[in-house]
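Hi,

Here is the structure I said I would pass on.

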Amino acid sequence: MEIRVLGPLCAAVNGGSVVPTAGKPRQILALLALHPGRIVPVPTLLEEVWGTELPQSAMTTLQTYILQLRRRLGAAMGSDAGAAKDVLATRHGGYLLRTPQEGSDVHAYERLVAAGRAAFDADDHRRAADSFRQALGLWRGPALVDVPMGPVLRIEVLRLEESRLATVERRIDADLHLGRHAELVAELMDLTARHPQHEGLHAQAMLALYRSGRQAHALEVYRGLRGRLIEELGVEPSPQLQRLHQAMLTVDAQLDLVAGPRRGSTFDRYAA
């Protein structure tokens with residue numbers, strides 16, 4: 001089975017989609033697809049579909065949805081119901097999709113991110129940037145964008161989207177190490193506009209601008225962020241960002257690509 005959740009939900013067998021059109025069975029399939037080969041407990045499935053207000057018929061209705069999904073599987077597999085039950089299997093306390101993790105885009109994404117982190121820690125920034133870029137290339141839009149969201153899926157999707165943003169930040173750090181600052185400016189201006197309180201992205205934008213000979217613009221980015229943090233949250237920028245700002249004011253040679261520190265992220269290198 002091929003499973004795609006990093007965008008619209010896709011679950012296909014032999015090229016045939018097994019994704020139902022109805023919302024609640026779609027939710028169940030999405031939750032199972034997020035964890036191929038792992039049991040999803042019945043209470044988790046019930047909470048996703050009905051929240052805390054379970055109808056009297058919740059368990060019977062859940063079993064009906066599982067039966068509908070197995071019928072779609074069987075039709076796509078061209079086999080009997082027994083084979084479909086082997087793929088969408090019942091286990092003590094829950095259900096699982098018995099399908100190799102290699103067929104899941106989430107598994108491929110997490111594997112590439114782990115490879116990118118290892119390469120970055122080994123100062124192989126070119127390989128790190130390539131791995132992170134491949135991982136991000138698996139995304140086809142917001143995770144499970146076409147699936148109704150209950151409380152469980154909302155948490156799962158939030159986790160994936162946070163991971164995606166963190167991977168973007170790591171990829172940019174690798175690119176900064178490779179001297180691609182001028183190429184990153186436009187992307188970082190867009191990212192900081194969409195994440196107006198994200199200090200890590202602002203630190204990267206400041207550094208990319210500074211290294212591109214745009215010191216005044218880099219300082220404007222800091223002033224804009226500081227104004228928003230004070231006005232909206234009543235706090236000053238973090239000590240890391242304040243130290244980066246001070247380094248730019250004093251034209252610290254450590255900011256230079258060649259002389260600057262080679263390890264760590266743009267943001268973390270200014271930690272105390």
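To start with a question: is α1 mostly covered or mostly open, and how many of its residues are buried? Keep in mind that this is a predicted model. The answer is that α1 is mostly covered, with 10 of its 12 residues buried. The buried ones are P25, R26, Q27, I28, L29, A30, L31, L32, A33 and L34. The length of helix α1, which runs over residues 23–34, also works out: at 1.5 Å a residue its 12 residues should span 16 Å, and the end C-alpha atoms are 17 Å apart, so the two agree.

Now for the chain as a whole. The protein chain has 11 helices and six strands. Its C-alpha atoms fill a box of roughly 70 × 40 × 30 Å along the principal axes. The radius of gyration is 23 Å, whereas a compact globule of 272 residues would come in near 19 Å.

How much of the chain is buried? Buried residues account for 48% of the 272 residues.

Charges next. There are 32 positive and 31 negative side chains in the protein chain. The centres of these two sets lie 4 Å apart.

Most residues other than glycine have a negative phi. N14 has a positive one, near 55°, and is not a glycine. You will find N14 in the loop between β2 (10–13) and β3 (16–17). L144 is not a glycine either, and its phi is positive too, at about 50°. L144 sits in the loop between α6 (125–137) and α7 (151–177).

Which of these is buried and which is exposed? Exposed means over 50% relative accessible area and buried means under 20%. N14 has 69% relative accessibility, so N14 counts as exposed. L144 has 1%, so L144 counts as buried. In short, there is a positive phi at N14 and another at L144, with N14 exposed and L144 buried.

Over to you!

Conventions. Residues numbered from 1 in each chain as written. Predicted model: local features only at pLDDT ≥ 70, side-chain atom pairs only at ≥ 80, totals over all residues. Heavy atoms only, no water. Helix = DSSP H or I, 4+ residues; strand = E, 2+ residues; numbered from the N terminus. Rg over C-alpha atoms; globule rule 2.2 N^0.38 Å. Buried < 20%, exposed > 50% of the residue type's maximum accessible area, 1.4 Å probe, protein only. Lys, Arg positive; Asp, Glu negative; His and termini not counted. Charge placed at Lys NZ, Arg CZ, Asp CG, Glu CD. Expected span 1.5 Å × (residues − 1).
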